[in-house]
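Hello,

Here is the structure I promised to pass on to you. My notes on what turned up in it follow below.

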Amino acid sequence: MSQIFELAQSKLLEPAGLVQSDLNKLFAQLMGPGVDYADIYFQYSRHESWSLEEGKVKTGSHSIEQGVGIRAIAGEKTGFAYSDEFQFPALSQAANAARAIMEHRGDETAGLKVARTEQQIPMLYDAIDPLLTLGDRDKVELLERVEQEARRQDPRVSEVMTNLVAAHDVILVARHDGKLVADVRPLIRLGVSVIAVQGERREQGNSGGGGRYGLDYFTEDIVTDYAREAVRQALTNLEAEDAPAGSMTVVLGPGWPGVLLHEAIGHGLEGDFNRKGTSAFSGRIGQKVATDQCTVIDDGTLPNRRGSLSVDDEGTQTQRTVLIEDGILRGYMQDTHNARLMGAQPTGNGRRESFAHLPMPRMTNTCMLAGNYDPQEIIESVDKGIYAVNFSGGQVDITSGKFVFSASEAYLIENGKVSKPVRGAMLIGNGPDVLTRVTMVGNDMQLDTGVGTCGKEGQLVPVGVGQPTMRIDGLTVGGVQV
Amino acid sequence: MSRDAVSADGSSAAAQSNEDDSILQELAHHVLATAKRGGADASEMAISRGQGFTTTVRLGAVETVEHNRDKHLVVTVFFGNRTGSASTSDFTTAAIEDTVRAACSIAKYTAEDECAGLADPERLATEILDLDLDHPWQIDVTQAIEIAKECEDAARQFDPRIKNSEGSTVSTQRGTEVYANTHGFMGTTCATRHSISCSVIGEAKESMQRDYWYSAGRDYRDLESAERVGQTAARRTIGRLGATKIKTIQCPVLYEAPVASSLLAHFISAVRGSALYRKASFLLDQLGNPIFSDGVYISEQPHLLKAVGSASYDAEGVATKTRNIVQAGVLASYVLDTYSARKLAMETTGNAGGVRNLHIKPGSYDFNGLIKKMDTGLLVTELIGSGVNTVTGDYSRGAVGYWIENGEIKHPVEEVTVAGNLKDMFKHIVEVGSDVDTRGNIRCGSILLERATVAGD
């Protein structure tokens, strides 16, 4: 048995005295005529957060969430219940509630004679508890150092807020077909937020990063970069003028601006919307949805990335899924439920916020691959437009395909040169056609620093994005200057 | 949140519920005592426990039935002026011990902060009002499925262009919350919340549009009928078919009531204590100054019966009260909890945990009257994206709605943004409608702005 599996078993099954035969009894309750699939998701997670403001770490918090989610699926019907207790009677009650969706009860006395075999999956991160990778005093000092570094940059820095979050997540997925998969998932994040003041103007800058590491990831060099980056943004914004309004050429910088791909393309290619035919991309596999230069993937296998998982929350190994290849729509992201109903293969995108939520198809790390252009050449090609390098987030209407993402750092491009910074610009476009307007793709593919969180139907999961510099002709910029 | 196995006899359910409450109250005493044994000088804790189910029907068939049963406990300890906090969903004695220990351990490393601590004892609520918040809905899953079906059927039969559906959802929840602190305060609140919602998709000329509608309330008898929710969802979806972009323009903008409340939410996030003492607000030092046009009156009404935000006390046990926040456009009060009030050398306004039933005084125009009054401009019915900067007031969000000309709806609009600066937008509120949307914590009619920038082609 693997070390991960042993750890999961000791955290999740043993304290409640659960053994293999208990799992069999639960599946006997869940399975029955008409039931295609059932799974039981055990989870223990521990989360810690420290926050600094006004030069002091004033607050810290620790939380433990644990429980078991039980699901039974028949055709398109899903029954779901969960318990925050691990004892067999509580699980049995939850299994009955989940199973009640079907007309006929399972034969509770039979017991499923399925051999439960542990699946070995290559790990993309260490099975550590990141909360234990740094002493509490050192965590406090780390935040203080970042704050001091930010203040040192410029006397106009008036407020600095820093935040450190570490989470330890142990999961075990048992499926009706005997599959049994465990995962131990570390996740850390450090954020810096700065306000700079000049005369009457106040502006903010934000930065940070992290991933599936221990806290020793935050080396002096890395956190110094975060601090300087937040200050640089705030100071830039002090000089920013109102953004223009209207349709124009937009050049997106590399890395985090890949939020465009997440909103404009990614959500519309999630299997659930396409099974239901509610996505603007429904039924468009094989069609041209982007220029030849565009290849977009969702890759859950990048080691240590915030959006990566060794296995998804249904126990499927993650993979690199090609969504768009040389401009042609190739595939959707699937969980087991939607894959089965669409006659497709699961792609390792079945994710859930916790045991208390139902899994659904979600992105991991969504990226555009590098093209041929030098980034400088791309900027020089634009007479008049916007160069947007940082974003605060975005949203999409899956059905109409309209998406937005809001720039937190952007500049005018005038005569092939980056000129004045502009502020407060929301970009808006149409998902199925935005990539048909991509005329140049840079050779500088970059991933983001590890700060993304995606919300869907109220469930939050960590994700990543990445892209090279990219020129889009004719995107609407939502500034105020007409 | 609510119960999934309802006892047929209401009185025995009530008795059961009282018994559960006393178990939670005992647990609260135990947590505070454990913190004291751990050396804490003061402590506070909150327990929430809820139960319910949510069922979704799509294209006439059951899609999901989700049963939820949640519990959560959070404890905050004070060692002098140092603070630590911890939470757990495990209520066993050992887990409670561990949780309190974790909070105490954190407090060893946090900094001295002279403003930290419990609320002042004289501000704590002494009277717990009966705000009529607890109305369990005695339905089972089968009945909920029938209601959801009725709702979705009404939407699908509304118009042949309704071709697809994201489903109709019925949810019923019942929860209990206990807050206690070492000043001797203990408050227990039992509340329900039920909802019916529907989201359908219309198709015309190879393009699809989705819209939705919902009804929600503490008492299921106050919900709109399933049929009406479905029809409204369908009407809104059909209205969006054939939407186009418009040319970039500065024009009047009318926010329909369900989205107008977001403008007030942005206002509140700029006058709450945590934004003010961090100087992260575009409304710093504005107390006593005009910040809205002079016809605007905003108040907080925490004691409304059955309302979503109603409460006798805030998240620190401080008594809530009905009060004015904006009078004739002038900022009359901030939104403070104990900590931010101390930071600002002011008094708490009983807003730990946020505002409760924010209310903007309705004017005399109804929704159609406002459209006539605007004459020509953009009616906004949905907003997407969070392009609001609370530090500067810069505002830019994606919008969907209708182009209005000569007081009539001309055509649906999509893929545009509405932008401006909130400082300026607040001062150019021309009218607040009488069409108040009471479903949420911000009770607001439609809002007409004199102008904003609408970016399109």
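Two helices of chain A, α6 (259-266) and α10 (431-434), each supply at least two residues to the lining of the second largest cavity. Helices here are DSSP runs of H or I with at least four residues, strands are DSSP runs of E with at least two, and both are numbered from the N terminus. A cavity is a set of points, on a 1 Å grid over the protein atoms alone, where a 1.4 Å probe fits but cannot get out, and lining residues have an atom within 4 Å of a point.

Before going further, please note that this is a predicted model, in which local features need pLDDT of at least 70 and side-chain atom pairs count only at pLDDT 80 or more, while totals for chains, interfaces and linings use all residues. Residues are numbered from 1 along each chain as its sequence is written, chains are lettered from A and ligands numbered from 1 in the order in which they are written, and side-chain values use heavy atoms, with hydrogens and water left out.

Back to that second largest cavity: its volume is about 40 Å³, a volume being the space filled by probe spheres set on the points, with grid points joined across faces, edges and corners. Its lining includes A:Glu263, A:Ala264, A:Phe281, A:Asp397 and A:Pro432. By type, the lining divides into 6 nonpolar, 3 polar and 2 charged residues.

Helix α6(A) is itself mostly covered, with 8 of its 8 residues buried; buried means under 20% relative accessible area, exposed over 50%, and partly exposed in between (1.4 Å probe, protein chains only). Among the buried residues of α6(A) are A:Glu263 and A:Ala264, which also line the second largest cavity.

How many cavities of 30 Å³ or more are there? The count comes to 2. The largest holds about 50 Å³ of space, and its lining takes in residues from chain A, including A:Asp397 and A:Lys402, and from chain B, including B:Ile384 and B:Glu414. Strands β13 (394-405) and β14 (408-421) of chain B each supply at least two lining residues there, with β13(B) giving the largest share, 3 residues. The lining of the largest cavity divides into 4 nonpolar, 2 polar and 4 charged residues.

The loop between β13 and β14 of chain B holds B:Asn406. This residue has a positive phi of about 50° although it is not a glycine, and at 57% relative accessibility it counts as exposed. B:Ala328 also has a positive phi, near 50°; it sits in the loop between β9 (323-327) and β10 (330-331) of chain B and is partly exposed at 32%.

Now the cores. A nonpolar core is a set of buried Ala, Val, Leu, Ile, Met, Phe, Trp, Tyr and Cys residues joined through side-chain atoms within 4.5 Å. The largest has 63 residues, and among those touching the most other members are A:Leu12, A:Ile70 and B:Val170. Helix α3 (residues 141-156) of chain B gives the most to this core, with 7 residues. Apart from it lies another core, of 50 residues, among them B:Trp403 and B:Val416.

- B:Ser215, in strand β6 (residues 207-217) of chain B, is buried at 4%, and its side chain reaches the backbone nitrogen of B:Glu224 at 2.9 Å.
- B:Arg123 lies in the loop between α2 (93-107) and α3 of chain B. B:Arg123 is buried at 17%, and its side chain makes a polar contact with the side chain of B:Glu347 (2.7 Å).
- A:Ser49, in strand β1 (residues 37-53) of chain A, is buried at 14%. Its side chain makes a polar contact with that of A:Asn163 (3.5 Å).

Best wishes

Methods:
1 Å grid on protein atoms, 1.4 Å probe; cavity = no way out; pocket = protein on both sides within 12 Å on 5 of 7 lines; lining within 4 Å. Nonpolar A, V, L, I, M, F, W, Y, C, P; charged D, E, K, R; others polar. Polar contact = N/O pair within 3.5 Å; in protein donor to acceptor, adjacent residues only side chain to side chain.
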